[in-house]
Amino acid sequence: MIPFLDLQQLNAPHQAAIETAVQRVVRSGWYILGQELTTFEKSFADYCEASHCVGVANGLDALQLILQAYDFPKDSEVIVPANTYIASVLSISFLGLVPVFVEPDPKTMLLDPARIEEKITYKTKAVLPVHLYGRSCEMAPVQEIASRFGLKIVTDCAQSHGATYAFSKKETLGDAAAFSFYPTKNLGALGDAGAVVTSDAELAKKIRYLRNYGSNKKYFNEYQGVNSRLDEMQAAVLNAKLPFLDRENQHRRELAQYYLNSIQLSELVLPPADRLDEDVWHLFVVRHPRRAAFIDYLLQCGIQTNIHYPLPIHHQKAYQQYSHLRLPITEQIHQEVVSLPLSPVLSLEQVAYICDCINQFKG
Ligand SMILES: Cc1ncc(COP(=O)(O)O)c(C=O)c1O
(Lines give C-alpha, C1' and ligand atoms only; values in the text may rest on other atoms or scores of the structure.)
Protein backbone atom coordinates (compact mmCIF):
# COMPACT_ATOMS: atom_id res chain seq x y z
CA MET A 1 0.00 0.00 0.00
CA ILE A 2 1.28 3.48 -0.82
CA PRO A 3 0.10 5.53 2.17
CA PHE A 4 -1.17 9.04 1.64
CA LEU A 5 1.41 10.22 4.16
CA ASP A 6 3.57 8.25 6.59
CA LEU A 7 4.69 10.57 9.39
CA GLN A 8 7.14 8.09 10.87
CA GLN A 9 8.89 7.71 7.52
CA LEU A 10 8.73 11.47 7.00
CA ASN A 11 10.66 12.13 10.20
CA ALA A 12 13.04 9.15 9.93
CA PRO A 13 15.75 11.13 8.06
CA HIS A 14 15.66 13.72 10.87
CA GLN A 15 15.46 11.28 13.77
CA ALA A 16 19.05 11.60 15.02
CA ALA A 17 18.99 15.41 14.87
CA ILE A 18 15.57 15.52 16.55
CA GLU A 19 16.69 13.22 19.36
CA THR A 20 19.80 15.34 19.98
CA ALA A 21 17.67 18.49 20.00
CA VAL A 22 15.09 17.02 22.39
CA GLN A 23 17.83 15.78 24.73
CA ARG A 24 19.33 19.28 24.73
CA VAL A 25 15.99 20.71 25.86
CA VAL A 26 15.39 18.03 28.50
CA ARG A 27 18.82 18.70 30.00
CA SER A 28 18.55 22.49 29.81
CA GLY A 29 15.83 22.71 32.46
CA TRP A 30 14.22 25.57 30.43
CA TYR A 31 11.03 24.59 28.62
CA ILE A 32 9.08 27.73 27.68
CA LEU A 33 10.30 30.96 25.98
CA GLY A 34 13.98 30.05 25.89
CA GLN A 35 16.97 29.86 23.57
CA GLU A 36 15.48 27.25 21.18
CA LEU A 37 12.55 29.53 20.43
CA THR A 38 14.77 32.60 20.04
CA THR A 39 16.96 30.69 17.58
CA PHE A 40 13.98 29.40 15.63
CA GLU A 41 12.29 32.80 15.46
CA LYS A 42 15.44 34.36 14.02
CA SER A 43 16.04 31.53 11.52
CA PHE A 44 12.43 31.36 10.34
CA ALA A 45 12.12 35.16 9.93
CA ASP A 46 15.31 35.06 7.81
CA TYR A 47 13.98 32.09 5.86
CA CYS A 48 10.76 34.00 5.09
CA GLU A 49 12.69 37.19 4.16
CA ALA A 50 10.89 39.06 6.95
CA SER A 51 12.10 41.01 9.99
CA HIS A 52 10.12 39.27 12.74
CA CYS A 53 8.81 35.84 13.66
CA VAL A 54 6.79 35.19 16.81
CA GLY A 55 6.34 31.55 17.74
CA VAL A 56 2.86 30.59 18.95
CA ALA A 57 1.02 27.40 19.87
CA ASN A 58 -0.53 26.59 16.45
CA GLY A 59 -1.59 28.04 13.11
CA LEU A 60 -5.12 28.93 14.19
CA ASP A 61 -3.74 30.98 17.10
CA ALA A 62 -1.28 32.67 14.73
CA LEU A 63 -4.17 33.92 12.56
CA GLN A 64 -6.26 34.85 15.57
CA LEU A 65 -3.45 36.74 17.28
CA ILE A 66 -2.78 38.82 14.15
CA LEU A 67 -6.46 39.78 13.95
CA GLN A 68 -6.62 40.42 17.70
CA ALA A 69 -3.53 42.64 17.51
CA TYR A 70 -5.12 44.78 14.80
CA ASP A 71 -8.01 45.40 17.18
CA PHE A 72 -10.64 45.93 14.49
CA PRO A 73 -14.04 47.06 15.80
CA LYS A 74 -16.52 44.24 16.47
CA ASP A 75 -18.52 43.26 13.35
CA SER A 76 -15.75 44.42 11.01
CA GLU A 77 -15.62 42.33 7.85
CA VAL A 78 -12.74 40.20 6.67
CA ILE A 79 -12.73 38.90 3.09
CA VAL A 80 -11.75 35.24 2.91
CA PRO A 81 -11.81 32.60 0.13
CA ALA A 82 -14.75 30.23 0.49
CA ASN A 83 -12.47 27.32 -0.47
CA THR A 84 -10.18 26.97 2.52
CA TYR A 85 -9.63 24.99 5.69
CA ILE A 86 -12.05 25.98 8.45
CA ALA A 87 -9.26 27.48 10.61
CA SER A 88 -9.00 30.51 8.29
CA VAL A 89 -12.64 31.34 9.02
CA LEU A 90 -12.65 30.37 12.71
CA SER A 91 -9.92 32.94 13.37
CA ILE A 92 -12.26 35.64 12.07
CA SER A 93 -15.54 34.66 13.69
CA PHE A 94 -13.95 33.80 17.04
CA LEU A 95 -13.01 37.47 17.48
CA GLY A 96 -16.53 38.69 16.70
CA LEU A 97 -15.51 39.69 13.17
CA VAL A 98 -17.53 38.72 10.10
CA PRO A 99 -16.12 36.43 7.40
CA VAL A 100 -17.14 37.50 3.89
CA PHE A 101 -16.75 34.57 1.53
CA VAL A 102 -15.49 34.98 -2.03
CA GLU A 103 -15.58 32.31 -4.70
CA PRO A 104 -12.15 31.01 -5.73
CA ASP A 105 -10.62 31.07 -9.19
CA PRO A 106 -11.79 27.71 -10.62
CA LYS A 107 -8.37 27.03 -12.18
CA THR A 108 -6.18 27.58 -9.12
CA MET A 109 -8.95 27.01 -6.54
CA LEU A 110 -7.41 29.98 -4.66
CA LEU A 111 -8.64 33.48 -3.80
CA ASP A 112 -9.80 35.22 -6.99
CA PRO A 113 -8.61 38.86 -6.84
CA ALA A 114 -11.24 39.82 -9.44
CA ARG A 115 -13.99 39.03 -6.93
CA ILE A 116 -12.64 40.98 -3.96
CA GLU A 117 -13.70 44.51 -4.81
CA GLU A 118 -17.41 43.72 -5.13
CA LYS A 119 -17.36 42.44 -1.52
CA ILE A 120 -15.81 45.55 0.03
CA THR A 121 -18.07 47.66 2.28
CA TYR A 122 -17.41 50.41 4.82
CA LYS A 123 -16.98 47.62 7.39
CA THR A 124 -14.23 45.77 5.53
CA LYS A 125 -10.92 45.92 7.38
CA ALA A 126 -8.84 43.07 5.97
CA VAL A 127 -8.37 40.48 3.25
CA LEU A 128 -7.24 37.01 4.28
CA PRO A 129 -5.60 35.22 1.31
CA VAL A 130 -4.93 31.52 1.86
CA HIS A 131 -2.01 29.96 -0.02
CA LEU A 132 -3.85 26.66 -0.16
CA TYR A 133 -2.13 23.43 -1.25
CA GLY A 134 1.27 25.23 -1.19
CA ARG A 135 0.66 27.72 -3.99
CA SER A 136 0.71 31.47 -3.43
CA CYS A 137 -2.39 33.47 -4.32
CA GLU A 138 -1.99 36.26 -6.87
CA MET A 139 -0.65 38.82 -4.41
CA ALA A 140 0.00 41.81 -6.71
CA PRO A 141 -3.69 42.56 -7.39
CA VAL A 142 -4.59 41.81 -3.75
CA GLN A 143 -1.92 44.29 -2.66
CA GLU A 144 -3.22 46.92 -5.09
CA ILE A 145 -6.83 46.59 -3.86
CA ALA A 146 -5.74 46.56 -0.21
CA SER A 147 -3.70 49.76 -0.65
CA ARG A 148 -6.55 51.49 -2.47
CA PHE A 149 -9.12 50.64 0.22
CA GLY A 150 -6.80 50.82 3.24
CA LEU A 151 -7.19 47.12 4.12
CA LYS A 152 -4.74 44.90 5.98
CA ILE A 153 -3.56 41.70 4.32
CA VAL A 154 -3.50 38.84 6.81
CA THR A 155 -2.15 35.79 5.05
CA ASP A 156 -2.78 32.15 5.86
CA CYS A 157 0.54 30.44 5.05
CA ALA A 158 -0.27 27.24 6.96
CA GLN A 159 0.30 25.18 3.79
CA SER A 160 2.96 27.26 2.03
CA HIS A 161 6.31 27.21 3.86
CA GLY A 162 8.90 28.32 1.31
CA ALA A 163 6.46 29.25 -1.48
CA THR A 164 7.26 32.39 -3.46
CA TYR A 165 5.35 34.98 -5.45
CA ALA A 166 7.32 36.79 -8.17
CA PHE A 167 10.17 34.60 -6.86
CA SER A 168 10.08 36.33 -3.48
CA LYS A 169 9.00 34.75 -0.20
CA LYS A 170 8.42 38.20 1.26
CA GLU A 171 5.82 38.92 -1.44
CA THR A 172 3.65 36.06 -0.17
CA LEU A 173 3.36 37.41 3.38
CA GLY A 174 1.10 40.46 3.13
CA ASP A 175 1.15 42.63 6.28
CA ALA A 176 1.37 39.59 8.51
CA ALA A 177 1.38 35.87 7.85
CA ALA A 178 0.31 32.90 9.93
CA PHE A 179 2.18 29.59 9.70
CA SER A 180 1.24 26.19 11.09
CA PHE A 181 3.82 23.56 11.97
CA TYR A 182 1.25 20.80 12.46
CA PRO A 183 3.13 17.50 11.89
CA THR A 184 1.87 16.98 8.32
CA LYS A 185 2.92 20.43 7.08
CA ASN A 186 5.94 21.03 4.81
CA LEU A 187 7.75 22.09 7.98
CA GLY A 188 6.16 19.98 10.69
CA ALA A 189 6.82 19.73 14.43
CA LEU A 190 6.10 16.64 16.56
CA GLY A 191 2.96 18.24 17.93
CA ASP A 192 1.16 21.54 17.53
CA ALA A 193 3.13 24.69 16.77
CA GLY A 194 2.73 27.88 14.75
CA ALA A 195 4.20 31.31 14.08
CA VAL A 196 3.37 34.83 12.99
CA VAL A 197 5.79 36.31 10.45
CA THR A 198 5.79 40.03 9.68
CA SER A 199 8.04 42.98 8.98
CA ASP A 200 5.82 45.26 11.10
CA ALA A 201 7.84 45.75 14.30
CA GLU A 202 4.93 47.19 16.33
CA LEU A 203 2.62 44.34 15.37
CA ALA A 204 5.26 41.73 16.20
CA LYS A 205 5.86 43.34 19.57
CA LYS A 206 2.16 43.34 20.42
CA ILE A 207 1.76 39.68 19.39
CA ARG A 208 4.78 38.79 21.56
CA TYR A 209 2.82 40.21 24.51
CA LEU A 210 -0.53 38.72 23.47
CA ARG A 211 0.82 35.16 23.17
CA ASN A 212 2.09 35.38 26.77
CA TYR A 213 -0.98 36.56 28.73
CA GLY A 214 -0.47 40.07 27.34
CA SER A 215 2.80 40.43 29.20
CA ASN A 216 6.52 40.68 28.56
CA LYS A 217 7.35 41.12 32.22
CA LYS A 218 6.28 38.51 34.71
CA TYR A 219 3.05 39.44 36.50
CA PHE A 220 2.66 42.79 34.69
CA ASN A 221 0.10 42.69 31.90
CA GLU A 222 -0.39 45.28 29.15
CA TYR A 223 -3.18 43.45 27.30
CA GLN A 224 -5.77 40.74 27.88
CA GLY A 225 -3.68 38.13 26.14
CA VAL A 226 -3.78 34.36 25.83
CA ASN A 227 -1.43 31.47 26.56
CA SER A 228 -0.17 30.54 23.11
CA ARG A 229 3.57 29.90 23.18
CA LEU A 230 5.65 27.67 20.94
CA ASP A 231 7.42 25.50 23.53
CA GLU A 232 11.13 24.73 23.59
CA MET A 233 10.70 21.07 22.62
CA GLN A 234 8.82 21.90 19.41
CA ALA A 235 11.14 24.83 18.65
CA ALA A 236 14.14 22.46 18.96
CA VAL A 237 12.50 19.99 16.55
CA LEU A 238 11.83 22.82 14.08
CA ASN A 239 15.44 24.03 14.41
CA ALA A 240 16.57 20.52 13.46
CA LYS A 241 14.26 20.31 10.43
CA LEU A 242 14.33 23.84 8.96
CA PRO A 243 17.72 23.46 7.20
CA PHE A 244 16.20 20.65 5.07
CA LEU A 245 12.98 22.41 4.09
CA ASP A 246 14.22 23.70 0.71
CA ARG A 247 15.57 20.29 -0.27
CA GLU A 248 12.31 18.62 0.72
CA ASN A 249 10.28 21.22 -1.16
CA GLN A 250 12.45 20.60 -4.23
CA HIS A 251 11.67 16.88 -4.03
CA ARG A 252 7.97 17.75 -3.85
CA ARG A 253 8.39 19.82 -7.04
CA GLU A 254 10.07 16.95 -8.86
CA LEU A 255 7.20 14.62 -7.95
CA ALA A 256 4.62 17.23 -8.95
CA GLN A 257 6.40 17.70 -12.29
CA TYR A 258 6.31 13.94 -12.83
CA TYR A 259 2.57 13.79 -12.11
CA LEU A 260 1.94 16.75 -14.43
CA ASN A 261 3.96 15.24 -17.28
CA SER A 262 2.67 11.70 -16.95
CA ILE A 263 -1.02 11.75 -16.07
CA GLN A 264 -3.18 11.44 -19.17
CA LEU A 265 -6.74 10.90 -18.21
CA SER A 266 -9.17 13.13 -20.06
CA GLU A 267 -11.69 13.62 -17.24
CA LEU A 268 -9.09 14.36 -14.61
CA VAL A 269 -8.34 18.05 -14.02
CA LEU A 270 -4.72 18.61 -12.96
CA PRO A 271 -3.46 21.54 -10.89
CA PRO A 272 -1.97 24.42 -12.91
CA ALA A 273 1.67 23.90 -13.90
CA ASP A 274 2.49 27.53 -14.64
CA ARG A 275 4.29 28.24 -11.36
CA LEU A 276 5.87 24.87 -10.72
CA ASP A 277 9.02 26.34 -9.17
CA GLU A 278 7.25 28.84 -6.92
CA ASP A 279 4.75 26.34 -5.57
CA VAL A 280 5.79 24.09 -2.65
CA TRP A 281 3.18 21.41 -3.41
CA HIS A 282 1.95 20.79 0.13
CA LEU A 283 -0.80 18.85 -1.59
CA PHE A 284 -1.25 17.61 -5.16
CA VAL A 285 -4.96 18.15 -5.68
CA VAL A 286 -6.72 16.84 -8.79
CA ARG A 287 -10.41 16.90 -9.67
CA HIS A 288 -12.57 14.11 -11.00
CA PRO A 289 -16.32 14.30 -11.71
CA ARG A 290 -16.78 10.71 -10.43
CA ARG A 291 -14.58 11.04 -7.39
CA ALA A 292 -15.87 8.09 -5.35
CA ALA A 293 -15.22 5.60 -8.17
CA PHE A 294 -11.78 7.11 -8.81
CA ILE A 295 -10.80 6.85 -5.12
CA ASP A 296 -12.12 3.25 -4.88
CA TYR A 297 -10.17 2.25 -7.97
CA LEU A 298 -6.92 3.75 -6.61
CA LEU A 299 -7.47 1.96 -3.31
CA GLN A 300 -7.77 -1.33 -5.21
CA CYS A 301 -4.42 -0.46 -6.80
CA GLY A 302 -2.98 -0.03 -3.29
CA ILE A 303 -2.94 3.79 -3.35
CA GLN A 304 -4.33 5.83 -0.49
CA THR A 305 -5.75 9.27 -1.26
CA ASN A 306 -7.34 12.03 0.79
CA ILE A 307 -9.90 14.80 0.31
CA HIS A 308 -9.03 18.43 1.14
CA TYR A 309 -11.84 19.16 1.88
CA PRO A 310 -15.11 17.18 1.65
CA LEU A 311 -17.58 19.84 2.90
CA PRO A 312 -17.44 23.60 2.29
CA ILE A 313 -17.42 25.84 5.34
CA HIS A 314 -20.80 27.41 4.55
CA HIS A 315 -22.32 23.89 4.62
CA GLN A 316 -20.72 22.93 7.94
CA LYS A 317 -23.06 22.63 10.92
CA ALA A 318 -20.72 24.99 12.79
CA TYR A 319 -21.58 27.76 10.29
CA GLN A 320 -25.29 27.14 9.76
CA GLN A 321 -25.87 30.89 9.49
CA TYR A 322 -24.15 30.81 6.07
CA SER A 323 -25.99 27.75 4.70
CA HIS A 324 -28.15 29.98 2.48
CA LEU A 325 -25.12 31.17 0.52
CA ARG A 326 -24.81 29.97 -3.05
CA LEU A 327 -21.15 29.42 -3.89
CA PRO A 328 -21.29 27.05 -6.88
CA ILE A 329 -17.56 27.08 -7.70
CA THR A 330 -16.64 26.25 -4.11
CA GLU A 331 -19.36 23.60 -3.90
CA GLN A 332 -18.23 21.89 -7.08
CA ILE A 333 -14.60 21.91 -5.93
CA HIS A 334 -15.59 20.18 -2.70
CA GLN A 335 -17.42 17.50 -4.66
CA GLU A 336 -14.54 16.76 -7.02
CA VAL A 337 -11.17 17.23 -5.31
CA VAL A 338 -8.85 14.34 -4.51
CA SER A 339 -5.35 14.69 -3.06
CA LEU A 340 -2.80 12.22 -4.45
CA PRO A 341 0.16 11.08 -2.33
CA LEU A 342 3.05 13.55 -2.41
CA SER A 343 5.71 13.91 0.25
CA PRO A 344 9.48 14.23 0.65
CA VAL A 345 9.71 10.48 1.28
CA LEU A 346 7.63 9.35 -1.71
CA SER A 347 9.84 8.04 -4.54
CA LEU A 348 9.65 8.75 -8.27
CA GLU A 349 9.04 5.01 -8.80
CA GLN A 350 5.99 5.16 -6.54
CA VAL A 351 4.70 8.22 -8.41
CA ALA A 352 5.32 6.44 -11.73
CA TYR A 353 3.21 3.52 -10.49
CA ILE A 354 0.42 5.89 -9.36
CA CYS A 355 0.45 7.58 -12.79
CA ASP A 356 0.26 4.20 -14.59
CA CYS A 357 -2.73 3.20 -12.49
CA ILE A 358 -4.48 6.53 -13.05
CA ASN A 359 -3.96 6.33 -16.81
CA GLN A 360 -5.69 2.94 -16.85
CA PHE A 361 -8.77 4.13 -14.93
CA LYS A 362 -11.86 3.25 -16.98
CA GLY A 363 -14.53 4.22 -14.40
C1 LIG B 1 -5.09 26.53 5.52
C2 LIG B 1 -4.89 26.30 6.99
N3 LIG B 1 -5.07 27.33 7.84
C4 LIG B 1 -4.88 27.19 9.16
C5 LIG B 1 -4.55 25.97 9.72
C6 LIG B 1 -4.46 25.86 11.20
O7 LIG B 1 -3.24 25.40 11.67
P8 LIG B 1 -3.16 24.56 13.02
O9 LIG B 1 -3.71 23.20 12.77
O10 LIG B 1 -1.71 24.55 13.36
O11 LIG B 1 -3.95 25.33 14.05
C12 LIG B 1 -4.35 24.87 8.87
C13 LIG B 1 -3.95 23.58 9.44
O14 LIG B 1 -4.43 22.55 9.31
C15 LIG B 1 -4.54 25.03 7.48
O16 LIG B 1 -4.38 24.01 6.63
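Contact here means heavy atoms within 4.5 Å, and helices (H or I, at least four residues) and strands (E, at least two) are DSSP runs, numbered from the N terminus. This is a predicted model, in which local features need pLDDT of at least 70 and side-chain atom pairs count only at pLDDT 80 or more, while totals for chains, interfaces and linings use all residues. Residues are numbered from 1 along each chain as its sequence is written, and side-chain values use heavy atoms, with hydrogens and water left out.

1. Helix H8, residues 232–241, is mostly covered, with nine of its 10 residues buried. Buried denotes under 20% relative accessible area, exposed over 50%, and partly exposed in between (1.4 Å probe, protein chains only). Among the buried residues are Gln-234, Ala-235, Leu-238 and Asn-239. The cover over the buried residues of H8 includes helices H1 (7–11), H2 (15–28), H3 (35–47) and H9 (245–262).

2. The N-terminal end of H8 is capped by Asp-231, a side-chain oxygen of which lies 2.9 Å from the backbone nitrogen of Met-233.

3. H2 and H8 pack with their axes 9 Å apart, at an angle of about 145 degrees. Axes are lines fitted to C-alpha atoms, for helices over the stretch in contact, and angles run from 0 to 180 degrees between N-to-C directions. From H2, the contact includes Ala-17, Ile-18, Ala-21 and Arg-24, and from H8 it includes Glu-232, Met-233, Val-237 and Lys-241. The residues of this contact divide into 10 nonpolar, no polar and three charged. In this count, Ala, Val, Leu, Ile, Met, Phe, Trp, Tyr, Cys and Pro are nonpolar, Asp, Glu, Lys and Arg are charged, and the others, Gly among them, are polar.

4. The axes of helix H4 (residues 59–70) and helix H7 (residues 201–210) come within 10 Å and cross at roughly 115 degrees. H4 is therefore roughly perpendicular to H7; angles of 65 to 115 degrees count as roughly perpendicular, under 35 as roughly parallel, over 145 as roughly antiparallel and the rest as oblique. Leu-65, Ile-66, Gln-68, Ala-69 and Tyr-70 of H4 meet Leu-203, Lys-206, Ile-207 and Leu-210 of H7. These residues comprise seven nonpolar, one polar and one charged.

5. Leu-67 also belongs to H4 and is buried, with a relative accessible area of 2%. Leaving out residues up to four places away in sequence, Leu-67 touches Phe-72, Val-78, Ser-91, Ile-92, Leu-95, Leu-97, Leu-128 and Val-154.

6. Arg-135 is located in the loop between strand S4 (124–127) and helix H6 (139–149). Is Arg-135 buried or exposed? Arg-135 is buried, its relative accessible area being 7%. Its side chain is joined to that of Asp-274 by a polar contact of 3.0 Å. A polar contact is a pair of N or O atoms within 3.5 Å; within protein, one must be able to donate a hydrogen and the other to accept it, and residues adjacent in sequence count only if both atoms are side-chain atoms.

7. Most residues other than glycine have a negative phi, and most peptide bonds are trans. Ala-166 has a positive phi of about 50 degrees, and phi of Phe-167 is near 55 degrees. Ala-166 is exposed at 54% relative accessible area, and Phe-167 is exposed at 63%. A cis peptide bond, with omega about 15 degrees, joins His-308 and Tyr-309.
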